[in-house]
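Please keep the sequence and the model in view while reading.

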Amino acid sequence: MRFAVNLAVAGAIALAFVGPIPASASGVALFVASVPLAFVLDFMGYLAIGLCAFWLENTSGLVLIYSRVTMILGGVLLPISLFPDAVQRVVVNLPFASVVYGPARMLVEPSAGALAVLVGRQAAA
């Protein structure tokens, strides 16, 4: 549900500020192929935080940190392609980029080779 709401709101904002998003049928297909593992990775992050509840009384701080790190290192606030080269090489291999940036990039720049690399990174994480 959260994904559908975020997709609708982000699509409306992008349409208002930038215009139509350059999405093709192949881009949508590759996006749909990359999203299930992205959901699994995000769930695993939240599951790890939930498991910390055995030791911590309140995990809301960890949830806040996880969501902010996902925004920053996942390419939401600043596209990973704009990071310095040294930082970019590290960030692109972190699971955060496979959750957010990778599937979004499949939508606008579809490539079967890039999908294979992304799915490999998602599976390895």
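## Surface and basis of the model

The chain exposes about 8000 Å², of which carbon and sulfur atoms supply 74%; accessible areas here come from the Shrake-Rupley method with a 1.4 Å probe, and for residues only the protein chains shown count as cover. This is a predicted model, in which local features need pLDDT of at least 70 and side-chain atom pairs count only at pLDDT 80 or more, while totals for chains, interfaces and linings use all residues. Residues are numbered from 1 along each chain as its sequence is written, and side-chain values use heavy atoms, with hydrogens and water left out.

Of the 125 residues of the chain, 25% count as buried, where buried means under 20% relative accessible area, exposed means over 50%, and partly exposed covers what lies in between (1.4 Å probe, protein chains only).

## Overall fold

The secondary structure comes to seven helices and zero strands, so that the elements read α-α-α-α-α-α-α from the N terminus on; helices (H or I, at least four residues) and strands (E, at least two) are DSSP runs, numbered from the N terminus. The C-alpha atoms fill a box of roughly 45 × 30 × 30 Å, taken along the principal axes.

For 125 residues, a compact globule would have a radius of gyration near 14 Å, and the 15 Å of the chain agrees with this; the radius is taken over C-alpha atoms, and the globule rule is 2.2 Å times the number of residues to the power 0.38. Among the contacts in the chain with a separation of 6 or more, 59% are accounted for by residues 24 or more positions apart, a contact being heavy atoms within 4.5 Å.

## Salt bridges

Side chains of opposite charge can pair when their charged atoms come close. A search of the whole structure finds two salt bridges, each defined as a side-chain nitrogen of Lys or Arg within 4 Å of a carboxyl oxygen of Asp or Glu.

In one of them, Arg2 pairs with Asp42, the closest N and O atoms being 3.4 Å apart. Arg2 lies in helix H1 (residues 2-17) and Asp42 in helix H2 (residues 25-51), so the pair ties together parts that are 40 residues apart in sequence. Arg2 is exposed, with a relative accessible area of 53%, whereas Asp42 counts as buried at 15%. Arg105 forms a salt bridge with Glu109, with 3.0 Å between the closest N and O atoms; Arg105 is partly exposed at 34% relative accessibility, and Glu109 is partly exposed at 45%.

## Buried positions and helix packing

Ser34 lies in helix H2 and counts as buried, at 0% relative accessibility. Not counting residues up to four places away in sequence, Ser34 touches Pro103, Met106, Leu115, Leu118 and Gln122. In helix H6 (residues 101-108), Tyr101, Gly102, Pro103 and Met106 are buried, and the buried residues of H6 pack against H2, helix H5 (95-99) and helix H7 (112-124).

Thr70, found in helix H3 (residues 60-73), counts as buried at 10% relative accessibility. Leaving aside neighbours within four places in sequence, Thr70 is in contact with Gly75, Val76, Phe96 and Val100.
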